[in-house]
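Here is a briefing for a first look at this structure. Please keep the sequence and the model open while you read.

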Amino acid sequence: MTHLFGLADCNNFYASCEQVFQSDLRGKPTVVLSNNDGCVIALSKEAKSLKIPFGIPYFKMKATPEYRHVQVRSANFTLYGDMSNRVMDTIALNVPDTEIYSIDECFIDYNGVPNAEAHAKQLSETVRQWTGIAICIGLGPTKTLAKLANRKAKKEACGAVDVTDMDIRNDILKETEIGDVWGVGRRWKARLLLQGINTAYDFSRMDRRLARDMMGVVGLRTVDELNGISCQDLEFITPDKQNLCISRSFGDTIHTLDGMKERIHYFSTRATEKLRSGGLVASAISVFVRGNRFRPELPQYSNSVTVSLDGSTSDTGEILNAALYGLNKIYRPGIPYKKAGVLLLDLHPKEQAPSNLFTKSNPQREKLMHTMDGLNSKFGPGAVSYGQIPQSRTWYMSQKMLSNRFTTHWRELLVAK
Ligand SMILES: [Mg+2]
């Protein structure tokens, strides 16, 4: 049976969230800075056309005369987390099922939806009307192809592109550079180029045995996915990814806080393991919960909360502490919960983490995390789990250009004049 996946991705998400609520930013080059106002982590389309390099340190940008007029905001993860929840809710209301993949991306189950491309175009329009955020949707028989279709939709600013048709697909595969294929990134790009594999199309024609020898089973699956053979359990984390999401629908509904704590504990633990395996740290975590949309007669509820971590960390204890604090804030009794998840935000390599006067690295805890990861990879996930929560550090981040939390704090709501 052929599948049909959609991949919805918000355009310039963090910058768009800022522009939605601050009309003076619209049409102007706008950038968002990482925690502690270190470097540029998001650009509006106007900022992209100025060719401001992604990741440029803020002090360098400030010193560049051509960038003098650029509007600057500190990262406001509370606002982005809440806007993400609105976008995801709007999409979920209009399609059979979704799987949240990152703060601004979700996969859509489009199986059995007639005229899926037209539906997706309409959906992107609905999301823009309801939330103010522009999104593009790519459709294809595998997740990797849906990702590819999404790039094309973005390039053409057309709402949605479907690559199910072989002619359309081959054209797009040929014009996609190898480094832009989902999961290839910097890791394999150089090696593939050496083999004369320059485009996604070349990659799809690659000898399967060679792919396996060079890149293992994940590489082989990527080749298969480009050929329309779906490997649904595909899960990538690439070092340049800015956030990391773990979420699941539950087999049955969960009615208790303890039951939800157990799930959030599990998701947070898995997410921090992935974080460490990529050599990354995070500086905020979003937690979200959803009721059972397929049973409209039951009480419905959906909410999310974003909690700043004290500095950048990959420590399971600290992240778990923040996640459970978040869950306590949004949990409502009397709801049959069907879905939940956690999103780690503002990821960067550990060595690049902004150092803080009050942040001391703790070699003993790092050793403990390392040992736990070793045991869990040897004996299976959850073989050793984390129970004790460390005392949290308390200090405040420098966020001098922080916009209001327009959607989540009464005192910071947008005022209409
Ligand atoms: Mg995006």
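Which residue in E3 is the bridge partner of Val32? Ala42 in E3 takes that place.

This is a predicted model, where local features need pLDDT of at least 70, side-chain atom pairs count only at pLDDT 80 or more, and totals for chains, interfaces and linings use all residues. Residues are numbered from 1 along each chain as its sequence is written.

**Overall make-up**

- The protein chain has 13 helices and 13 strands. Helices (H or I, at least four residues) and strands (E, at least two) are DSSP runs, numbered from the N terminus.
- The chain has 417 residues, and 43% of them count as buried. Buried means that 20 or more other C-beta atoms lie within 10 Å of the residue's own; exposed means 12 or fewer, and partly exposed is in between, with C-beta atoms placed from the backbone.
- Take contacts between residues at least 6 apart in sequence: 66% join residues at least 24 apart. A contact needs C-beta atoms, placed from the backbone, within 7 Å.

**Hairpin of E2 and E3**

- Strand E2 (residues 30–33) and strand E3 (residues 40–43) run antiparallel, joined by 3 bridges. Two strands pair if DSSP finds at least two bridges between them.
- The hairpin has 6 residues between its strands, and Asn36 takes a positive phi near 65 degrees.

**Five-stranded sheet**

- An open sheet of 5 strands runs in the order E5-E6-E1-E7-E8, with mixed pairing.
- Strand E5 (97–102) and strand E8 (160–162) are the edges; each has a single partner strand, so one side of each lacks a neighbour in the sheet.
- From one strand to the next, the twist averages 20 degrees. Angles run from 0 to 180 degrees between N-to-C directions, and axes are lines fitted to C-alpha atoms, for helices over the stretch in contact.
- E5 pairs with strand E6 (residues 105–109) in the antiparallel sense over 5 bridges. Asp97 stands opposite Asp109 in E6.
- Helix H4 (residues 77–94) packs on the sheet and touches strand E1 (5–10), E5, E6 and strand E7 (135–140). The direction of H4 makes about 155 degrees with that of E5.
- Helix H5 (residues 116–131) lies across E1, E7 and E8, at about 160 degrees to E7.

**Nonpolar core**

- The largest nonpolar core has 102 residues; Val31, Ile137, Leu139, Ala282, Ile285, Val342 and Leu344 touch the most other members. Strand E10 (residues 280–290) gives the largest share, 8 residues.
- Such a core is a set of buried Ala, Val, Leu, Ile, Met, Phe, Trp, Tyr and Cys residues joined through C-beta atoms within 7 Å.
- Beyond its neighbours within four places in sequence, Leu344 contacts Asn243, Leu244, Ala271, Leu275, Ala282 and Ile285.

**Helices H11 and H12**

- Helix H11 (residues 257–277) and helix H12 (residues 316–330) pack at about 145 degrees, their axes 9 Å apart.
- Residues of H11 that meet H12 include Met260, Ile264 and Ser268. Ile319, Ala323 and Leu327 are among those they meet in H12.

**Individual residues**

- Lys51, in the loop between helix H2 (45–49) and helix H3 (58–62), has a positive phi near 65 degrees. Lys51 counts as exposed because it has 9 C-beta neighbours inside 10 Å.
- Asp346 lies in the loop between strand E12 (337–345) and strand E13 (348–349), with a positive phi of about 55 degrees. Asp346 counts as buried because it has 22 C-beta neighbours inside 10 Å.

Conventions
Two residues are in contact if their C-beta atoms, placed from the backbone, lie within 7 Å.
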